[in-house]
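The sequence and the structure are shown first.

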Amino acid sequence: MICSVRQSVTKTINGSDFFLRERSPAQPLQRSSLFFPALQKPQRFAVSVSKPLHVSSVENLSLKGPRDSVICEAYEAADSSRPVEQEAKSEAAKKVKIGVYFATWWALNVVFNIYNKKVLNVYPYPWLTSTLSLACGSLMMLISWATRIAEAPKTDFEFWKTLFPVAVAHTIGHVAATVSMSKVAVSFTHIIKSGEPAFSVLVSRFLLGESFPVPVYLSLIPIIGGCALAAVTELNFNMIGFMGAMISNLAFVFRNIFSKKGMKGKSVSGMNYYACLSLLSLLILTPFAIAVEGPQMWAAGWQTTMSQIGPQFVWWLAAQSVFYHLYNQVSYMSLDQISPLTFSIGNTMKRISVIVSSIIIFHTPVQPINALGAAIAILGTFLYSQAKQ
């Protein structure tokens, strides 16, 4: 807003949008004034506005008429409303983006669990399938970096050093969960895995010395009670499957602890962080998978499965590997956009979607008391996420 008000000897008000000339009723306009305006007698004051944008108000300007002032409305009100509108649009776009993240995360996780269980039902080699899942994701990211579809992360030795304990815990948790799913129903594995908050509190309290509010401890009661009720009433209970889910819970708790402590200040996006985690976990897991199961067992099982299922099994195996990487990648990407509380709530809803969908697709027999235990455990997980924040 540019405005100049000055006292001068000219009697006109000049502007880019208006022209006012005052005439004195007692003194007629002389012809010489038309050609030589500079020869006119000076008045007491005048206003000259040179290319004004706007004048909010000009007080005490007498123009020989009934008006004592000239008041002009500014456009500031309209301009100030623009940031508010832009902020509202930005907030709405962010909510839509988070919704898309959640919907994609849940859908990919459901599809992975379905194909993972189909593979393990006919090809019960969880160490190999776990390795293939990591290998597929690592290959996808390497291709993305090589073709510059995704920007490669800038890492150093210190980054990989801090990532190593995270990768160890991630590898153990991944294999343990896969072993569990090879022995029991998908729904039962996820019911037991909903007890992860209890492990998180216990480890943080007794190993790290952290303290929590009373509501957090109280929320563990329905979690532990619900998981225990579901385990006791499970029709197809298997100790290896149960212990696999429990070990997975413990491993993922340590993964989160190591990740929070070691990755502070590291400028790596969620997508690239998980890609690096997959690469390192693949290197850790491969020799153990060969030692535990081995190529001979894999080859024999492959021939048997192909003779029973046919080429369709290859699609199941590929889908299981691809969707495992995609759902984990989306979950890590969503961490860049949402708060830990929102993520915890989304993770709880994800387990519900997986449990319900797996029961429907695989026709898993569920007793009412078993369903009640699952509902109590999931409700406890939700209460924990609220109390924790």
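The text below goes from the chain as a whole to one helix contact and then to aromatic rings.

**The chain**

The model is predicted. Its chain has 13 helices and four strands. Of the 389 residues, 42% are buried. Among contacts with a separation of 6 or more, 84% are between residues 24 or more positions apart. The chain exposes about 22100 Å², and carbon and sulfur atoms supply 64% of that area.

**Helix 10 and helix 11**

Two packed helices are described by the angle between their axes and the distance between the axes. Helix 10 spans residues 295–308 and helix 11 spans residues 312–335. Their axes come within 8 Å and cross at roughly 120°. An angle of 65 to 115 degrees would count as roughly perpendicular and one over 145 as roughly antiparallel; helix 10 and helix 11 are therefore oblique to each other.

On the helix 10 side, the residues in contact are Trp302, Thr305 and Met306. They meet Phe313, Val314 and Leu317 of helix 11. By class, this contact has five nonpolar residues, one polar residue and no charged residues.

**Aromatic pairs**

A pair of aromatic rings is described by the distance of the centres and the angle of the planes. The count of aromatic pairs comes to 17.

| Pair | Centre to centre | Angle between planes | Class |
|---|---|---|---|
| Tyr115 and Trp315 | 6.0 Å | 85° | edge-to-face |
| Tyr324 and Tyr327 | 5.9 Å | 80° | edge-to-face |

Planes over 60 degrees apart count as edge-to-face, so the 85° of Tyr115 and Trp315 puts that pair in this class. Tyr115 lies in helix 2 (residues 76–122) and Trp315 in helix 11, so the pair ties together parts that are 200 residues apart in sequence. Tyr115 has a relative accessible area of 18% and is buried, because the cut-off for buried is under 20%. Trp315, at 49% relative accessibility, counts as partly exposed, since exposed means over 50%.

Which residues do ring pairs link into a cluster? They are Tyr123, Tyr125, Trp302 and Phe313. Trp302 and Phe313 also take part in the contact of helix 10 with helix 11.

Technical notes:
Residues are numbered from 1 along each chain as its sequence is written. This is a predicted model: local features need pLDDT of at least 70, side-chain atom pairs count only at pLDDT 80 or more; totals for chains, interfaces and linings use all residues. Side-chain values use heavy atoms; hydrogens and water are left out. Axes are lines fitted to C-alpha atoms, for helices over the stretch in contact, and angles run from 0 to 180 degrees between N-to-C directions. Helices (H or I, at least four residues) and strands (E, at least two) are DSSP runs, numbered from the N terminus. Angles under 35 degrees count as roughly parallel, over 145 as roughly antiparallel, 65 to 115 as roughly perpendicular and the rest as oblique. Contact means heavy atoms within 4.5 Å. Ala, Val, Leu, Ile, Met, Phe, Trp, Tyr, Cys and Pro count as nonpolar, Asp, Glu, Lys and Arg as charged, and the others, Gly among them, as polar. Buried means under 20% relative accessible area, exposed over 50%, partly exposed in between (1.4 Å probe, protein chains only). Accessible areas come from the Shrake-Rupley method with a 1.4 Å probe; for residues, only the protein chains shown count as cover. Rings of Phe, Tyr and Trp (its six-membered ring) pair if their centres lie within 6.5 Å; planes under 30 degrees apart count as stacked, over 60 as edge-to-face and the rest as tilted.
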